[in-house]
Amino acid sequence: MKKLLPESELARDERFVRSRIEDAILDPRGPRLGQRDLGPARMAADRPAAAERSRSLMHGIFVGEIQALEGAGRTCFDFDDQEAPFQLKLDMARQCWDESRHCEISIKLGEHMGTEIGEYGESTFLYAAACNPDPVLRLTGVNRALEGLAIDVFNSMKEFGESSSDPILTFCEDWMLADEVTHVKMGSDWLRRLCEKDPERLERALEFQRTVDKIFSLGGFRGESEENPIQLARRFRELAGFTDEENDEIAEIARQAQADAEAMVQAAQG
């Protein structure tokens, strides 16, 4: 069995449509879509685009769960016990169990919200971050950066379920949110244990996390204003091992990513 499996070899059936994140960012229709008056981007039941946005986000959650399962599973297999302690692999195996349940829940929630597998494209960015040859960088890139993003997404969807009086969506998102806090906490704890005597490796890992956080702030996708569909969930991040300073840094990265995106739109509009 091949170690360090590239994302191009992930197994998918004919229902899945692969997409590239750079195609979405550079889509020439983006500036025109930005001119449509859809109200503030924050998820809320009274917004004109709320239904479409929530279905698209639900599909994104589903494919993210698949890739999180695949990434955690690869960490169990790709490294020997010197590179990744057996106890770390046990935590990754537990995460596989959680992500498997999340896949099943997300399929049912997608049906509940009126969408189906393959209605939207799948970008494999999460799995790509899980291909790093250093297990510590996988912890920062996946468990802390992308699973941290999952905390923000699940909390925003839970609040959307509450505002739209949908107890099924609210309950399921709250349940999965609790698991994601555990996954991020595992990443935070193992990062500190594995880098306790290696500050240079710790700094490389945190720099990789900053890079992933900036890329996946997605031009204002996450932040703390009404123009951010996904809100930074500071309290749940604290429970997962993030300090106030780390949360402030992520908020600043998100503000800068949104400013960069707005500048690109203005430049495209001439």
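At 36% relative accessibility, Arg-94 counts as partly exposed, a class lying between buried (under 20% relative accessible area) and exposed (over 50%), with a 1.4 Å probe and protein chains only. This is a predicted model, in which local features need pLDDT of at least 70 and side-chain atom pairs count only at pLDDT 80 or more, while totals for chains, interfaces and linings use all residues. Residues are numbered from 1 along each chain as its sequence is written, and side-chain values use heavy atoms, with hydrogens and water left out.

Arg-94 forms a salt bridge with Asp-98, their closest N and O atoms being 2.6 Å apart. A salt bridge here is a side-chain nitrogen of Lys or Arg within 4 Å of a carboxyl oxygen of Asp or Glu. Both residues belong to helix α4 (residues 86–113), four residues apart, or about one turn of the helix. Asp-98 counts as buried, at 2% relative accessibility.

## A network of salt bridges

Arg-101 and Asp-179 also meet in a salt bridge, at 2.9 Å from N to O. This pair links distant parts of the chain, since Arg-101 lies in helix α4 and Asp-179 in helix α7 (residues 167–194), 78 residues apart. Arg-101 is partly exposed, with a relative accessible area of 23%, whereas Asp-179 is buried at 9%. Arg-94, Asp-98, Arg-101 and Asp-179 are linked in a network of salt bridges.

## A pair in helix α8

Glu-207 forms a salt bridge with Arg-210, with 2.9 Å between the closest N and O atoms. The two residues are three positions apart in helix α8 (residues 199–215), about one helical turn. Glu-207 is partly exposed at 41%, and Arg-210 is partly exposed at 25%. Across the whole structure, a search finds 27 salt bridges.

## The chain as a whole

The protein chain has ten helices and two strands, where helices (H or I, at least four residues) and strands (E, at least two) are DSSP runs numbered from the N terminus. The radius of gyration is 18 Å, close to the 18 Å that the globule rule gives for 270 residues, so the chain is as compact as a globular protein of that length. The radius is taken over C-alpha atoms, and the rule is 2.2 Å times the number of residues to the power 0.38.

Of the 270 residues, 48% count as buried. Along the principal axes, the C-alpha atoms fill a box of roughly 55 × 35 × 35 Å.
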